Amino acid sequence: MSDHDPERTTYPPGVVPDEDTEALCQAATNEAFSCFYRATIRSLVGFLLIQGASLPTAAEIAQEAMIKAYRRWNTVTHPKAWVYTVAGRALVRHVADIREDPCERTPEPTYLLPAPDMAAEWEVRQDLLRILPSLPIRQRQVLAWTFAGYTPSEIAQQLRITPDAVRASLKKARRAASRHPSAADYHAEPPREEKP
């Protein structure tokens, strides 16, 4: 098995799958991961941008997280949360150990950026991104998870802090955003907890 293959499906003891069964399982795994990748990669890059990553860094970390997800595809139970957590931790490690500056421009079109100029246009439309560098890292992390659709309880579980700490960080971030000139109309509310 190569480094790029996901873990193989396990079969009951004594069952030896034939080549056709293995090929069908591999094709199903590839199709499931491909659908997940297409549905998640852009929001994952946005998640990292919100936390202060540059576009090239965010794209690279997102791709690495997806490679890791593919390798473990058959064992990951909540792939979106898993890949967001892996990417978020990789960004923290990257920020703590910066050794070189990434290139300013994407040299060639990719799935994430069909035309390199699209990145600048997308970033310009994100008024909130202007505020983020002035926020502490914890507030940026909490905002990134919030914009990805997670509730304070889910965010607390992923960041290993209390839901009250998540709400406090959101409140501070909203207060800072409301004072910023480029976000006079920004009044984001945290997602409401779902009641059972």
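A residue counts as buried when its relative accessible area is under 20%. The model described here is predicted, and this cut-off is applied to its side chains below.

**Aromatic pairs**

F36 has a relative accessible area of 10%, so F36 is buried. W73, at 15%, is buried as well. The structure holds ten aromatic pairs. In one of them, the rings of F36 and W73 have planes at 45 degrees and centres 5.2 Å apart, so this pair is tilted. Because F36 belongs to helix α1 and W73 to the loop between α2 and α3, the pair ties together parts that are 37 residues apart in sequence.

Another pair is made by F47 and Y84: the ring centres are 4.5 Å apart and the planes stand at 45 degrees, so this pair is also tilted. F47 sits in helix α1 and Y84 in helix α3, and the pair links distant parts of the chain, 37 residues apart. Both residues are buried.

| Pair | Centre distance | Plane angle | Class |
|---|---|---|---|
| F36 and W73 | 5.2 Å | 45 degrees | tilted |
| F47 and Y84 | 4.5 Å | 45 degrees | tilted |

F36 and W73 also belong to one aromatic cluster, together with F33, Y37 and Y70. Leaving aside neighbours within four places in sequence, F33 is in contact with M66, A69, Y70 and W73.

**The nonpolar core**

The largest nonpolar core has 43 residues, and the members that touch the most others are F33, L44, F47, L48, M66, V83 and Y84. Two or more residues of this core come from each of α1 (19–50), α2 (55–71), α3 (79–96), α5 (137–147), α6 (152–159) and α7 (163–179). Helix α1 gives the largest share, ten residues.

**Helix α7**

Helix α7 is made of 17 residues. From its first C-alpha to its last, α7 reaches 25 Å, close to the 24 Å expected at 1.5 Å a residue.

Which residues of α7 are buried? They are V166, S169, L170, A173 and A177. These residues cover an arc of only 100 degrees around the axis, which means that they lie on the same side of α7. The buried residues of α7 pack against α5 and α6. On the face of α7 turned away from this buried side are the exposed residues D164 and R179.

How values were computed
Residues numbered from 1 in each chain as written. Predicted model: local features only at pLDDT ≥ 70, side-chain atom pairs only at ≥ 80, totals over all residues. Heavy atoms only, no water. Core = buried A, V, L, I, M, F, W, Y, C linked by side-chain atoms within 4.5 Å. Buried < 20%, exposed > 50% of the residue type's maximum accessible area, 1.4 Å probe, protein only. Helix = DSSP H or I, 4+ residues; strand = E, 2+ residues; numbered from the N terminus. Contact = heavy atoms within 4.5 Å. Phe/Tyr/Trp six-rings, centres within 6.5 Å; stacked < 30°, edge-to-face > 60°. Expected span 1.5 Å × (residues − 1). Arc of directions from axis to C-beta.
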